[in-house]
Amino acid sequence: MFSKKLQKAFNDQINHELSSSYLYLSMAAYAESMNLPGFASWMKIQTSEEKGHAMKLYKFVNEHGGRVELQAIEQPPVEFKSPIALFEEVLKHERKITTLINKLYETALEEKDYAAQVLIHWFIAEQVEEEAAASEILETLKMAGEKGHALIMMDRQLARRGQN
Ligand code: OFO
């Protein structure tokens, strides 16, 4: 039995994942405006992944006898101060999502919904990867700098995401 409380929490999480997708698309647009095609490509792949996360939850809600109810998506930020600030924002955002996923898991525990718990395990592991990827890029950017040659090299490196 899919409790109303957990169903609402799942619908909220669908919204958070779609909002993430929208945020990364806005970050891609910023990168395009800065002539950083590699950064833009990385963000566009992230956009698709977030949509995939939302759809994983969507599928589960339907299969679990629930009802998907989509909610409004807030306007994401349009401007970012620099490529470093961009990835600081990515890391901050993913940490926020991790907290939300953990809360979703706590609700599934309270509601004794074992199927939901199994699904959320996947998201818990995914968040570890999401935070690690953002943190690694951020640290490299801070070390190498975000100007001239270093920025071009970083842009090329980010362009390789999804190619191997
Ligand atoms: Fe869906 O993991 Fe990022 O936000």
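E32 is partly exposed, with a relative accessible area of 39% (partly exposed lies between buried, under 20%, and exposed, over 50%, with a 1.4 Å probe and protein chains only). The model is predicted, and local features need pLDDT of at least 70, side-chain atom pairs count only at pLDDT 80 or more, and totals for chains, interfaces and linings use all residues. Residues are numbered from 1 along each chain as its sequence is written, and side-chain values use heavy atoms, without hydrogens and water.

A salt bridge joins E32 to K44, with the closest N and O atoms 3.0 Å apart (a side-chain nitrogen of Lys or Arg within 4 Å of a carboxyl oxygen of Asp or Glu). Because E32 belongs to helix α1 and K44 to helix α2, this pair ties together parts 12 residues apart in sequence (helices are DSSP runs of H or I with at least four residues, numbered from the N terminus). K44 is likewise partly exposed, at 39% relative accessibility. By this rule, the count of salt bridges is eight. Another of them links E49 with R161, at 3.3 Å between the closest N and O atoms. E49 lies in helix α2 and R161 in the segment after α5, so parts 112 residues apart in sequence are tied together.

Notes:
Helices (H or I, at least four residues) and strands (E, at least two) are DSSP runs, numbered from the N terminus.
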